[in-house]
Amino acid sequence: MSNGSGRTSGSAAAGAAGTGGAGAVYGLGLIGALVYFWQQADGFVEYVVAVLKALVWPAFLVYEAFAALLG
């Protein structure tokens with residue numbers, strides 16, 4: 001929230017400051033997932049699919065977690 005002087009109030013700044021670590025974790029996970037899926041690929045199409053899978057790796061993680069919890 002702006003207070004008229006171009007600065008944000010404490011509550012808006014505090015909310016934005018807590019998201020920095022999540023980007024780093026996602027970035028490291030992206031690299032790790034890319035390496036994992038890239039090693040399993042054999043052809044050009046599979047390499048393209050590996051890159052796409054690496055971009056959405058959290059969806060795979062959540063799916064497997066729910067599959068494990070629900071049996």
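**Reading a helix pair and its core**

Modeller: In this predicted model, helix 2 and helix 3 cross in a right-handed way, where right-handed means that the near helix is turned clockwise from the far one by less than a right angle, and left-handed that it is turned anticlockwise. Helices are DSSP runs of H or I with at least four residues, numbered from the N terminus. The model is predicted, with pLDDT of at least 70 needed for local features and 80 or more for side-chain atom pairs, while totals for chains, interfaces and linings use all residues. Residues are numbered from 1 along each chain, and side-chain values use heavy atoms, without hydrogens and water.

Colleague: At what angle do helix 2 and helix 3 pack?

Modeller: An angle runs from 0 to 180 degrees between N-to-C directions, with axes fitted to C-alpha atoms over the stretch in contact. Helix 2 (residues 20-40) and helix 3 (residues 44-55) pack at about 155°, with their axes 8 Å apart. That makes the two helices roughly antiparallel, a word kept for angles over 145 degrees.

Colleague: Which residues form the largest nonpolar core?

Modeller: A nonpolar core is a set of buried Ala, Val, Leu, Ile, Met, Phe, Trp, Tyr and Cys residues joined through side-chain atoms within 4.5 Å, and buried means under 20% relative accessible area, with a 1.4 Å probe and protein chains only, whereas exposed means over 50% and partly exposed in between. Here the largest core has 5 residues, namely Ala 33, Phe 37, Ala 50, Ala 54 and Trp 57.

Colleague: How does Val 48 count?

Modeller: Val 48, which lies in helix 3, counts as partly exposed because its relative accessibility is 38%.

Definitions and conventions:
Parallel < 35°, antiparallel > 145°, perpendicular 65-115°, else oblique.
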